[in-house]
Amino acid sequence: MRFAVNTWFAERLGDHGIHSEFLADHHPVHMPCLEIRLHDWEQAAGEARRLEMRMVAVWAAEAGKHDISVSGSRALYVYMAFAHPEHRHALLRTRLRDDTREVQSISGHYISACRMERTLQDMFGIHVRNIPDSRAWIKHEHWPENVHPLRADFSVTRMSVEPERNAIDYDYVQSSSQGVYEIPVGPVHAGIIEPGHFRFLAVGEYILNMEERLGYVHKGIEKAMQGRTAEHGIRLAARVSGDTTVGHAWAFAHACEYASNTAAPKRASYLRGILCERERMANHIGDIGAICNDAAFTFMHMQMQRLREDMARMHADVFGHRLLMDTITPGGVCRDVDAVSCMMLMQQTRTIAAEVEHLRSIYADHPSIQERVIGAGTVCIADARDIGLLGFAGRASGDYPDERIEEAYPPYDDVEVRVAEGKLGDVATRIWVRFEEIADSARIIGQLLETLPEGDIQAAWIPPESGVSGFAAIESWRGEIAAWVRFGEGGCIDRYFVRDPSAINWLGLELAVRTVPVPDFPLVNKSFNCSYAGHDL
Amino acid sequence: MLRILHQIFKIGTVTEPLSESNQLEILGTQLEQAVRKHFKGSLAIRAVDAGSCNGCELEVHATNNPYYDIERFGVHFTASPRFADMLLVTGPVSCNMETALKMTYDATPAPKLVVAMGDCAAHCGVFGCDNYAVAGAVADIIPVDVIIHGCPPTPTDIIQGVLKAIQG
Ligand code: SF4
């Protein structure tokens, strides 16, 4: 019984005197949102922690037009989502008081909630009480002081940046100990990569502490989504993070489909699976090469780049886009494959998997690269649990969340997913997990292609009524993407929230580089390869 | 080591020859000549992500892969704007990157070329210019010489755009 998911959590909360009610207008019906009282908020998070649930995300939404009170004011709700390996996802929300707009911080229970709570402060002007770190996060120093872009009363189309505020410094963690020096890096990095700032505190050769400062590529995606229809909005969702375009488009489509109670046809779900697994392969292949390149093993980089290019060309031929952008639609996919393309895909997937296996044996046999990756940048099992590390990084550190198994959304209800289980949490283990995932994705693609059902690739898309919301969790190549969508009037979206796995895994990088020599930072960084765009939104 | 050599030998050179069947023929030869003529055989590009979704970056990387191997035409990507001849800017310029982009532009020695790459860099793309967090298209922030359209532009488009910029 799928409905049992949240009933289980509601009962556990009830045991501790936390009253909760089901929200009817939240889909999917087997995972409706629970509404709790404001003063129970922090205690509920504590209870989730005690039940060993993983924190998925914290976000907020103003009431939509359907929900404006008689006095005309818009209620402000805060949401949080948790996941449990057996009992799966649970959503909670509470309503803030109109006059104080305050909520208790849950960062004491879940440290990875902290940056999300800082974002709530920036975007909604919510006051988070007892937050361990109250610095602004996405809102950089030069923004005017009292702007909160996700509030309905914010209507600025271009922010007047205040140059004199540019001089204000972000309050980085500092050390006054003798011999500790700082290295500022970025936002414009030395390679062809995204912008962000890293502040190292180093002693001699070793990193004492590394602090991330992100938000540079914040493009107002959540706000820009408001007022778009699902068909139009999915193009934007597909560009939350370009390397994960299938994952993000799928998460968005799934959330919309849940909200409107539409199911994509079986053939479409199989094709989505194929697209997503191909994306997983391409990115792991590219990254393994890039990690080796950072350890001066150029041979592997060139070989992997060659394979990645082969995949990109096939994608252009079969799906019309080298990176697979705009292949998924709400209710289905927009490209079907014929028998010839199926054969081509099948063949290429097999060849590439075999080539990767061969390269893997060379990599494993090469002491100079092994020397660099083994034991470098470790995240221990306890830390990985604490922050809820996701995807291949989590699976390299003894925690194995995989939504393809936990949520088992189609097509993964028809195919078996084998999860690599690593324990050491170093660069070598992350590479090992990625190699395993390439092989497993190739197997899954083969199975999906062989059993590809006949039929439509697109279900009729009818947007839900105003006020209905939907939630989805999709396992992209980096890990779980959580998306929440609420529809407003005329089939337009009035709130879109998405949490890229990077929002959590960036914390893993901070932990991993402690006591690592400074020159090893690029190596460790690449082994995570977190998305800046996906985090900054 | 032997296995590495064996693999290298087995795969051989995949770099696409300048044959009549691909556009690289005309492009490659022209690019090499222009680089030789205007830049003494070496053009240094500094890639700047001013707010992209990172899709454009993937394609810039691809120009360096063994198929396209843009380095054979004398074009290489540099780590610092201080010794760059050209800035290759991607993404709509986000408010939070505006200052950094201007500083990078100022740090590049004149004469300098700016190529705005991708639909976002050209006209803010799907993110829209009426967006509080977007400062504008690249041309709204710094002078632009050439625009490469596409979302993202393919590696061939990129090579073409670079060529167009240096041919002036
Ligand atoms: S042009 Fe397309 S690929 Fe390039 S940054 Fe913009 S959305 Fe991403």
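In the predicted model, the centres of domain 1 of chain A and domain 2 of chain A, taken over C-alpha atoms, are separated by 27 Å. The two domains span residues 2-152 and 221-535, respectively. Their contact involves 38 residues from domain 1 of chain A and 36 residues from domain 2 of chain A.

The size of an interface is often expressed as the accessible area lost when the parts come together. Between domain 1 of chain A and domain 2 of chain A, the buried area is about 3,000 Å², with carbon and sulfur atoms giving 53% of this value. On the side of domain 1 of chain A, His27(A), Arg54(A) and Arg115(A) supply 20% of the area buried against domain 2 of chain A, more than any other three residues.

Polar interactions also cross this interface. Between the two domains, 13 residue pairs are in polar contact, both members being at pLDDT 80 or more. At least two residues each of the domain 1 side that touches domain 2 of chain A are supplied by β2 (26-27), β4 (54-62), β5 (76-84), β6 (88-95) and α3 (113-124) of chain A. Of these elements, β4(A) gives the most, with nine residues. By residue class, this side of domain 1 of chain A comprises 21 nonpolar, eight polar and nine charged residues. Five salt bridges are found across the interface of domain 1 of chain A and domain 2 of chain A. A salt bridge also joins Arg88(A) and Glu407(A), whose closest N and O atoms are 3.8 Å apart.

Over all chains, the count of salt bridges comes to 49. Asp133(A) and Arg135(A) form one such pair, with an N to O distance of 2.9 Å, and both residues are buried. In another pair, the side chains of Arg313(A) and Glu309(A) meet at 2.8 Å, N to O. These two residues are separated by about one helical turn because they lie four residues apart in helix α8 (residues 298-319) of chain A. Arg313(A) is partly exposed, with a relative accessible area of 24%, whereas Glu309(A) is buried at 2% relative accessibility.

Helix α9 (residues 339-364) of chain A contains both Glu357(A) and Arg360(A), three residues apart, about one turn of the helix. Their salt bridge has its closest N and O atoms 3.4 Å apart. Glu357(A) is partly exposed, with a relative accessible area of 37%, while Arg360(A) is buried, with a value of 15%. Finally, a network of salt bridges links Glu277(A), Arg280(A), Arg395(A), Asp402(A), Arg404(A), Glu437(A) and Glu475(A).

Terms used. Residues are numbered from 1 along each chain as its sequence is written. Chains are lettered from A and ligands numbered from 1 in the order in which they are written. This is a predicted model: local features need pLDDT of at least 70, side-chain atom pairs count only at pLDDT 80 or more; totals for chains, interfaces and linings use all residues. Side-chain values use heavy atoms; hydrogens and water are left out. Domain bounds come from an automatic or database domain assignment. Contact means heavy atoms within 4.5 Å. Buried area is the accessible area (1.4 Å probe) that two parts lose on being put together, summed over both. A salt bridge is a side-chain nitrogen of Lys or Arg within 4 Å of a carboxyl oxygen of Asp or Glu. A polar contact is a pair of N or O atoms within 3.5 Å; within protein, one must be able to donate a hydrogen and the other to accept it, and residues adjacent in sequence count only if both atoms are side-chain atoms. Ala, Val, Leu, Ile, Met, Phe, Trp, Tyr, Cys and Pro count as nonpolar, Asp, Glu, Lys and Arg as charged, and the others, Gly among them, as polar. Buried means under 20% relative accessible area, exposed over 50%, partly exposed in between (1.4 Å probe, protein chains only).
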